[in-house]
Amino acid sequence: MTTAISTTTVVAVIGAGAMGAGIAQVAAAAGHTVKLVDTRAQAAQAAISSIQAQFSKMAEKGKISQADAVAASARLIAAQQLGDLADAGLVVEAIAENLQAKQQLFRDLEGIVPADCIFATNTSSISVTAIGSALQNPQRLAGLHFFNPAPLMALVEIVSGLATPRALADALFATASAWGKTPVHARSTPGFIVNRVARPYYGEALRLLTEGAADCATVDAVMREAGGFRMGPFELMDMIGHDVNYAVTCSVWNAFYNDPRFQPSLVQKELVDAGFLGKKTGRGFFDYSAGAGKPAPTTEPSQTLPAALSICGDGDTARALAERLSAAGVAFERSTSADGRIAQVGTAVVFVTDGRSATQRASDGGVADTVLIDLAMNYRTNTRIAIAHAAQCSTTAVSSATAMLQAAGMNVSRFADVPGLAVMRTVAMLANEAADAVNQGVCTAAAADAAMRLGVNYPQGPLAWANQAGPITIRDVLANLGASYGEDRYRISPLIQRHVFSGTRLHD
Ligand SMILES: NC(=O)c1ccc[n+]([C@@H]2O[C@H](COP(=O)([O-])OP(=O)(O)OC[C@H]3O[C@@H](n4cnc5c(N)ncnc54)[C@H](O)[C@@H]3O)[C@@H](O)[C@H]2O)c1
């Protein structure tokens, strides 16, 4: 197994902005002498002072010893120019996201550092292959993609360009591990892992909004309280900034030759055009001006539960519902289910969405009073659920289904009848994208899941989630979304299809 670079290796970090400063902190804490350089006067020194203040604070809180804080602080050096980096054994570049600037920098460095010095770029979107093409020796370059803030985020994507030898990627992998990070290998393809696989989290939410499924606050609440995501998509986009989020989407979309899976949203473009960039400008999907409160999600008022209640089948969702109703002291019958229904309450027949609209499902199954519920990460603990009802469903049936879910302890958010609701269509698309990345050799399935858990804090990896929901369910949801919209966007990854046909899991 390849070993990490020695702590006696001098690490040069170029660019003392948000990322460069964070990376310098990580490398110094791991024991390296770190030379920080920036073209802005005093930027490197200012960053070092702030890192040293961080180390002191960590020592005060007992997270590191006073001696370690002093030693790590002393290992940070502000270099005045590239010429001062002649003793570097690893250069980590974190300058502006511009191909020509990065190529020029590495070309200049080739004439300064020793021939065996490793080059690493922290680019989030530029091809590592393209950066390397400017070098006399492109085999010395790989991507070392940290996440913001680098000292706190565990994930590092080790990105191999076409010329990157495996041994170099392995050495950086071992080094990132030695620095306390969780590295994953990725091939240099647009968005690498995280910035590619995460696109549907925003893309499907923007579509839900465009189609009037529910308002932003309600979709966010469903994604948090049923999906288990830390932040809903709209509040997250507001936090990231629409200029940044829209630019990443456009860059991935363009790089994949306008693949409809990544198609940007006009709703988001409008926000960018208006200068409503999110939290940083005081307005995005939400209003952040002084005194403006956060809008509450739409929640159905309390409904009356009819006496006739039957929980159907022994699938996990039905069992979870039965447990919750029993715990709440609600009486119900148990029955078998031939058509996949999970409950019958009054005249309402309740199913988990399979990517068809409730209206289509009512028509296909000949059951007018059809009500669909969304996917929840854990049907035993979710505090909210989205529902949709068929156009032909009676008001009483909607009320009965709502009452049952409320009796089981869930807030109910009623959506317009969009196919796949919110959590289900998002998770299906996240899993589909992760599966395609794996199928195209960008990364392993385990790496895709680890990247999404650690890089963007998903409650579980999309492929593990697909295993939990069942590859057949994910396949059906995607097929039904594809049929509903008639778009190539929802085409099913060949990897998911293979797992459906072989009856195997997407990974352990
Ligand atoms: N901000 C993020 O969330 C994030 C996350 C992962 C990766 N990245 C990537 O990391 C890199 C840096 O991003 P950032 O957010 O730290 O940017 P930033 O604007 O905060 O910092 C960039 C720094 O580089 C300096 N600089 C520019 N050209 C230089 C040059 N030729 N030589 C030396 N210094 C130079 C600038 O003066 C600035 O201080 C980019 O490639 C970006 O895509 C950013």
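**Strands, domains and a ligand shell**

Reader: Hi there! In which loop does Pro 149 lie?

Author: Pro 149 sits between two strands, in the loop that separates S6 from S7. Strands (E, at least two residues) and helices (H or I, at least four) are DSSP runs, numbered from the N terminus. Residue numbers start from 1 along each chain as its sequence is written. The model is predicted, so local features need pLDDT of at least 70 and side-chain atom pairs count only at pLDDT 80 or more, while totals for chains, interfaces and linings use all residues. The place you asked about is the loop between S6 and S7.

Reader: Thanks! What is omega for the peptide bond that joins Asn 148 and Pro 149?

Author: Asn 148 and Pro 149 are joined by a cis peptide bond. Its omega is about 0°.

Reader: Which residues come nearest to the ligand?

Author: A residue is near a molecule if its C-beta atom, placed from the backbone, lies within 6 Å of it. There are 24 residues around the ligand. Those that come nearest are Gly 15, Gly 17, Met 19, Ile 95 and Asn 148.

Reader: And which helix gives the largest share of that shell?

Author: Helix H1 (18–29) and helix H4 (99–110) each supply at least two residues of the shell. By class, the shell has 13 nonpolar, eight polar and three charged residues; here Ala, Val, Leu, Ile, Met, Phe, Trp, Tyr, Cys and Pro count as nonpolar, Asp, Glu, Lys and Arg as charged, and the others, Gly among them, as polar. The largest share, three residues, comes from H1.

Reader: Through which helix does the chain cross from S7 to S8?

Author: Strand S7 (residues 155–160) and strand S8 (residues 182–187) run parallel, joined by six bridges. The β-α-β crossover between S7 and S8 is right-handed: with the strands pointing away from the viewer, the path from the first strand over the helix to the second runs clockwise. The helix on this path is H6 (residues 166–178).

Reader: Which strands are at the edges of the seven-strand sheet?

Author: This open sheet has the order S10-S9-S11-S12-S13-S14-S15, and its pairing is mixed. An edge strand here pairs on one side only, and that holds for strand S10 (333–335) and strand S15 (411–414).

Reader: Which residue is the bridge partner of Ile 373 in S14?

Author: Strand S13 (residues 370–373) pairs with strand S14 (residues 384–389) in the antiparallel sense, over three bridges. The partner of Ile 373 is Ile 387.

Reader: Which strands of the sheet does helix H9 (residues 216–225) touch?

Author: H9 packs on the sheet, and its direction makes about 125° with that of S14. The strands touched by H9 are S14 and S15.

Reader: Last one: which helix gives the most to the side of domain 2 that touches domain 4?

Author: Domain bounds come from an automatic or database domain assignment, which places domain 2 at 196–281 and domain 4 at 423–502. In all, 17 residues of domain 2 are in contact with 18 residues of domain 4. Helix H7 (194–197), helix H8 (199–210) and H9 each supply at least two residues of the domain 2 side. With four residues, the helix that gives the most is H8.

Notes. Pairing = 2+ DSSP bridges. Contact = placed C-beta atoms within 7 Å. Axes fitted to C-alpha atoms, helices over the stretch in contact; angles between N-to-C directions.
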